[in-house]
Amino acid sequence: MKLVRFENCVPVKGHSRATICDLQRNRIKLIPNTLYEILTTHNGKSVAEIKTFYKEEDYDTVDEYIAFLIANEFVFLAEEPQWFPKLSMEWESPDQVTNAIADIDAISTYDLFKFLQELNNFSCNSLQLRFYDLVNMDYLEEILQFLEKSCSSIIGVECYIKYSKFLEKDTLINFVDYHSRLLRLIVHSAEKDEVIPSEINDQAFLFFTKQNINSQTHCGIIHKDFFTVNLPLFTESQKHNSCLNRKISIDANGNIKNCPSMPQSFGNIENTTLQEALHQKDFKKYWNITKDQIDICKDCEFRYVCTDCRAYTENPEDEYSKPLKCGYNPYTNEWSEWSVNPLKQKAIEYYKLQK
């Protein structure tokens with residue numbers, strides 16, 4: 001019998017250790033690089049054949065590794081491993097734009113509904129709305145109703161709103177339950193952190209966070225809590241940027257950008273269409289920068305399950321520099337608070353970020 005890896009359980013090698021990304025069960029497992037070798041170099045071989053590549057004193061370890069892989073259903077045994085098809089790592093989308101962000105603050109005057117309608121023309125399916133100041137819930141209701149009636153392509157909405165003591169928790173829960181497209185309602189500047197799942201939609205959540213999110217400068221944080229282990233992101237990350245690919249955004253002033261945090265603008269929604277902005281030189285500049293090209297990230301075992309940030313990097317003059325707001329070191333496998341790292345202070349000052 002031969003050892004065969006389930007194709008949806010993909011090993012990823014880092015500098016000091018590796019991961020197994022289970023793209024079907026949406027989970028990630030840390031493993032040593034020696035086990036990565038068994039999963040890749042020796043996939044399709046019998047246990048006896050695998051052991052011929054190791055010293056006799058290592059046989060017990062090999063047996064333990066294989067027992068671990070079978071117990072966690074990362075591999076199975078088969079007589080003819082060649083009968084099982086390989087999983088394609090290709091990522092394709094017929095849409096010019098797949099995701100978008102709209103920022104709104106107290107002085108925003110641009111036509112949000114014009115932006116949303118143009119997004120629908122792109123068949124964009126994912127939208128993030130970020131309100132930095134208090135928002136009238138009737139206005140948010142109007143936006144979601146507009147999406148329901150006029151933007152059939154936008155099926156997933158994530159919304160940030162500012163906390164107010166007048167926003168009752170039960171009202172917000174009912175709001176999430178009522179709007180099927182609203183997958184995440186994040187209430188920032190709250191008194192405590194809390195996560196409340198919807199009782200109607202198992203994909204929808206109401207989040208309360210103490211973090212004060214008052215501008216686009218809060219974007220770009222890389223953290224293990226934000227890892228996404230699924231086939232779409234994993235395959236897209238192979239050849240595209242995991243954050244900026246197929247993205248179009250509008251900042252609080254109505255300027256059209258790849259991301260609101262990026263410095264370069266490609267016109268304003270009041271006098272430029274999204275189609276015109278999309279076809280301007282450099283709009284897609286970062287779409288195909290992958291984690292395998294980024295300094296330090298290319299040695300990270302998490303590189304295909306995390307997002308990326310080109311707006312804030314450790315070296316602002318290097319477009320292939322590591323994201324500034326990542327506190328993970330793949331060489332020591334340690335997490336630390338990025339904002340207090342002495343080596344990042346120069347970049348923090350450059351971007352004028354709040355600490």
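Helix axes are lines fitted to C-alpha atoms over the stretch in contact, and angles between N-to-C directions run from 0 to 180 degrees. Helices (H or I, at least four residues) and strands (E, at least two) are DSSP runs, numbered from the N terminus. The model described here is predicted, so local features need pLDDT of at least 70, side-chain atom pairs count only at pLDDT 80 or more, and totals for chains, interfaces and linings use all residues. Residues are numbered from 1 along each chain as its sequence is written, and side-chain values use heavy atoms, with hydrogens and water left out.

Helix H4 (residues 112-121) packs against helix H5 (residues 137-150) at an angle of about 25°. Their axes are 11 Å apart. H4 is therefore roughly parallel to H5; angles under 35 degrees count as roughly parallel, over 145 as roughly antiparallel, 65 to 115 as roughly perpendicular and the rest as oblique. H4 passes H5 in a right-handed crossing. A crossing is right-handed if the near helix is turned clockwise from the far one by less than a right angle, and left-handed if anticlockwise. On the H4 side, the contact (heavy atoms within 4.5 Å) is made by Leu112, Phe113, Leu116, Gln117 and Asn120. H5 contributes Tyr139, Glu142, Ile143, Phe146, Leu147 and Ser150. Seven residues of the contact of H4 with H5 are nonpolar, three are polar and one is charged. In this classification, Ala, Val, Leu, Ile, Met, Phe, Trp, Tyr, Cys and Pro count as nonpolar, Asp, Glu, Lys and Arg as charged, and the others, Gly among them, as polar.

H5 also meets H6 (residues 169-178). The axes of H5 and H6 come within 12 Å and cross at roughly 10°. H5 is therefore roughly parallel to H6. Met137, Leu140, Glu141, Leu144 and Gln145 of H5 meet Leu172, Phe175 and Tyr178 of H6. The contact of H5 with H6 holds six nonpolar residues, one polar and one charged.

A further helix pair is formed by H1 (residues 33-40) and H3, which pack at an angle of about 70° with their axes 11 Å apart. H1 is therefore roughly perpendicular to H3. The crossing of H1 and H3 is right-handed. H1 brings Thr34, Leu35, Ile38 and Leu39 to the contact, and H3 brings Tyr65, Phe68 and Leu69. Six residues of the contact of H1 with H3 are nonpolar, one is polar and none is charged.

Charged pairs were examined next. Side chains of opposite charge can pair when their charged atoms come close. A salt bridge is a side-chain nitrogen of Lys or Arg within 4 Å of a carboxyl oxygen of Asp or Glu. The whole structure has 20 salt bridges. One of them joins Arg25 to Glu73, with the closest N and O atoms 2.6 Å apart. This pair links distant parts of the chain, 48 residues apart. Arg25 sits in the loop between strand S3 (18-22) and strand S4 (27-31), and Glu73 in the loop between helix H3 (59-71) and strand S5 (75-78). Arg25 counts as partly exposed because its relative accessibility is 47%. Glu73, at 39%, is also partly exposed. Here buried means under 20% relative accessible area, exposed over 50% and partly exposed in between (1.4 Å probe, protein chains only).

Lys239 forms a salt bridge with Glu90, the closest N and O atoms lying 3.5 Å apart. Lys239 belongs to helix H7 (residues 231-239), whereas Glu90 is in the loop between S5 and strand S6 (99-104), 149 residues apart. In Lys169 and Glu194, the closest N and O atoms of the salt bridge are 3.0 Å apart. Lys169 lies in H6 and Glu194 in strand S10 (residues 194-197), so this bridge ties together parts 25 residues apart in sequence. Lys169 is partly exposed at 33% relative accessibility, and Glu194 is partly exposed at 22%. Arg5, Glu7 and Lys86 are linked in a network of salt bridges.

Two loop residues complete the description. Lys291 is found between helix H8 (274-278) and strand S14 (328-329). Lys291 counts as buried because its relative accessibility is 4%. Beyond neighbours within four places in sequence, the contacts of Lys291 include Ser242, Cys297, Arg303, Asp308 and Pro323. Tyr331 lies in the loop between S14 and strand S15 (334-335), and is partly exposed at 35%. Its C-alpha atom is separated by 8.0 Å from that of Asp299, 32 residues apart along the chain.
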